[in-house]
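Please look over the sequence and the model before reading on.

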Amino acid sequence: MRYFLKRYPDGGWEYSPVGRSGEPREGYEIVETIPQDIRDREPGGKDFVIQADPRDAKLADLEARVLKLEGKTA
Amino acid sequence: MTSGTKPAEYYRDQYGMHPVFTITQDLLYAPVSGEPSGGTWHKVSDPATGGIASKTSGWTADSFSGGLTVDFSSVVPSGTKAVRVSIMNFTAGGVLYSRKGGDTNISDTPNTSNEYSHWILLNPTDTYFVAQVVIWLSATYTADFAVSIDTMDIQIAYPLEYLI
């Protein structure tokens with residue numbers, strides 16, 4: 001996947017995918033992946049921690065009990 | 001009045017008789033002329049989890065030309081009309097607008113007070129805000145985005161679904 005990338009003097013950035021036509025966009029460089037320093041600062045980057053939802057554990061427990069009732073587990 | 005149509009009723013006032021016309025919902029929400037009708041939503045089987053596009057600087061407030069254009073053509077099949085994506089706004093809150101790429105029916109300088117239909121999210125705070133929205137695409141699979149506050153940060157995720 002290739003992206004148009006522009007870095008701004010204030011430390012900000014803009015990126016979006018290069019389309020099928022592959023035509024260059026003035027003022028943008030083309031990169032194969034989003035640079036790590038940008039990815040780290042975005043939601044979804046390594047510094048973005050998703051809190052575990054306590055409901056997940058309850059759901060897993062419920063599913064285990066259903067499987068047991070159905071005789072699919074011991 | 002279109003030739004051959006006849007108003008269903010009339011009203012009278014001091015100036016005489018006047019026809020009453022009713023604009024129906026069908027007419028108000030008719031498809032754009034030439035737009036193919038129908039279509040089916042398809043789930044993207046295994047969407048990439050990162051951002052397909054992001055902009056954290058260089059905005060001009062209330063301006064599509066000073067905004068972000070995203071070309072989805074490399075990630076959707078030919079014939080795609082719209083995509084459903086998650087969009088995150090962070091750092092500063094405000095209104096995010098969208099339009100089909102280059103749609104001249106929508107002002108290049110949208111106004112928060114009178115163009116509600118093109119809002120896709122309003123974040124009243126400076127914290128994270130996420131919306132899952134439908135974005136209509138141009139014939140070349142692009143969409144334009146604009147913000148009301150030039151310090152807003154926007155990240156757009158890979159499409160979850162596409163309409164074709």
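## Basis and confidence

This is a predicted model, in which local features need pLDDT of at least 70, side-chain atom pairs count only at pLDDT 80 or more, and totals for chains, interfaces and linings use all residues. Residues are numbered from 1 along each chain as its sequence is written, while chains are lettered from A and ligands numbered from 1 in the order in which they are written.

The pLDDT, the predictor's confidence in each residue on a scale from 0 to 100, averages 85 over chain B, where 85% of the residues score at least 70. For the complex, the predictor gives an ipTM of 0.77 and a pTM of 0.75.

## Contact between the chains

Two residues are in contact if their C-beta atoms, placed from the backbone, lie within 7 Å. Chain B contributes 21 residues to the contact and chain A contributes 14 residues. On the side of chain B that touches chain A, β4 (51-55), β5 (68-71) and β6 (82-90) of chain B each supply at least two residues; the largest share, five residues, comes from β4(B). Strands (E, at least two residues) are DSSP runs, as are helices (H or I, at least four), numbered from the N terminus.

The residues on this side of chain B comprise nine nonpolar, 10 polar and two charged. Here Ala, Val, Leu, Ile, Met, Phe, Trp, Tyr, Cys and Pro count as nonpolar, Asp, Glu, Lys and Arg as charged, and the others, Gly among them, as polar.

Strand β2 (residues 13-17) of chain A runs antiparallel to β4(B), joined by two bridges. Tyr15(A) stands opposite Ser54(B) in β4(B). Two strands pair if DSSP finds at least two bridges between them.

## The hairpin of chain B

In chain B, strand β1 (residues 9-13) pairs with strand β2 (residues 16-20) in the antiparallel sense over five bridges. The two strands form a hairpin with two residues between them, and Glu9(B) stands opposite Val20(B) in β2(B).

Zero of the five residues of β1(B) are buried, so the strand lies largely in the open. A residue is buried if 20 or more other C-beta atoms lie within 10 Å of its own, exposed if 12 or fewer, and partly exposed in between, with C-beta atoms placed from the backbone.

## The four-stranded sheet

Chain B also holds an open sheet of four strands with antiparallel pairing, in the order β5-β10-β7-β8. β5 and β8 (119-122) of chain B stand at the edges with a single partner strand each, so one side of each is left without a neighbour in the sheet.

Within this sheet, β7 (residues 95-100) and β10 (residues 142-147) of chain B run antiparallel and are joined by five bridges. Lys100(B) stands opposite Ala143(B) in β10(B).
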